[in-house]
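Subject: A structure for you to explore

Hello,

Here is the structure I promised to pass on. Have a look around it, and then read my notes below.

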Amino acid sequence: MIALLSSAQLRSTILAGRRCMPAQVRSFDILQGFRCQAQKADTSTVDVCFLDPRAVLDPGSAQGPQNVCTVTIPASMLPLLPKGIHELGDADDPLNAWVWGRKAEIFQYELAGTHTTKSGFTSVIAASAIQDAQQKARGDGPAQWGAFQAALKAQDGAGQPTAGLGPLLFAGRIIESPACAVYVLRGADKSVEGLLVSSEAATQED
């Protein structure tokens, strides 16, 4: 079934197409309007924070600095965040990583920052939600962190819990490392196309 455009929607589409057309082009392709509107929508971005999940779910228990790495990503990447892909180090390497979006060799990524992993986990939360989430968790005491641990136990210690996350978009285990590094993979237009969180930041001071 084809949805009909209202006169206002059609006019908006036509104007969008005209703005994107070279001045010398006289004929108009209405599809150009849809393309321009889609491109405009795809430029929206959102800030997300990578940090130890306990800093969000049980902030009152934090010991020492709980640093946060904030990254600006396209809004279109948000649906990917709960679906991190787990990768283990080669051979006897005990390290691990979580990957989202386009993948590449580690040297092709750009280091965005690091964060401590005192709980043994990394996590992702929308930057706009972090203050409210921490305030609520302080009111709940250790209840949210307890729910997170209970979910882990129910999943037999799964590296990527899918329950008990509360406001978190993702949480994943970091193996044998007091900290992890957050990397971004940029496209030709410098926008982020891939993310990688690696336990190779093990040398950071605890």
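Before we start: two residues are in contact here when they have heavy atoms within 4.5 Å. Please also keep in mind that this is a predicted model.

**The overall picture**

The protein chain has 5 helices and 9 strands. Of the 206 residues in the chain, 36% are buried. The accessible surface of the protein chain is about 11,800 Å², and carbon and sulfur atoms account for 54% of that. Now take the contacts between residues at least 6 apart in sequence: in 66% of them, the partners are at least 24 apart.

**A buried serine**

Next, find Ser123, which sits in strand β6 (residues 121-126). Is Ser123 buried or exposed? Its relative accessibility is 0%, so Ser123 counts as buried, since the cut-off for buried is under 20%. Which residues does Ser123 touch, leaving aside those up to four places away in sequence? They are Cys49, Phe50, Leu51, Asp52, Pro53, Leu168, Phe170 and Ala171. With one of these, Leu51, there is a polar detail to look at: a polar atom of the Ser123 side chain lies 2.8 Å from the backbone oxygen of Leu51.

**An exposed glycine**

For a contrast, go to Gly139 in helix α4 (residues 130-140). Gly139 counts as exposed because its relative accessibility is 66%, and the cut-off for exposed is over 50%. Gly139 and Gly60 are 79 residues apart in sequence, and their C-alpha atoms are 9.7 Å apart in space.

**The largest pocket**

How do we look for empty space in a model? Rolling a probe the size of a water molecule over the atoms shows where such space is left. The largest pocket has a volume of about 390 Å³. Its lining is made up of 17 residues, and those nearest the centre of the pocket are Glu87, Ala97, Ile106, Leu196 and Glu200. Which element gives the most to the lining? That is β4, with 3 residues. By type, the lining residues of the largest pocket split into 8 nonpolar, 3 polar and 6 charged.

Enjoy exploring!

Best wishes

Definitions and conventions: Residues numbered from 1 in each chain as written. Predicted model: local features only at pLDDT ≥ 70, side-chain atom pairs only at ≥ 80, totals over all residues. Heavy atoms only, no water. Helix = DSSP H or I, 4+ residues; strand = E, 2+ residues; numbered from the N terminus. Buried < 20%, exposed > 50% of the residue type's maximum accessible area, 1.4 Å probe, protein only. Areas by Shrake-Rupley, 256 points an atom, 1.4 Å probe, with all protein chains shown as cover. Polar contact = N/O pair within 3.5 Å; in protein donor to acceptor, adjacent residues only side chain to side chain. 1 Å grid on protein atoms, 1.4 Å probe; cavity = no way out; pocket = protein on both sides within 12 Å on 5 of 7 lines; lining within 4 Å. Points joined across faces, edges and corners; volume = space filled by probe spheres on them. Nonpolar A, V, L, I, M, F, W, Y, C, P; charged D, E, K, R; others polar.
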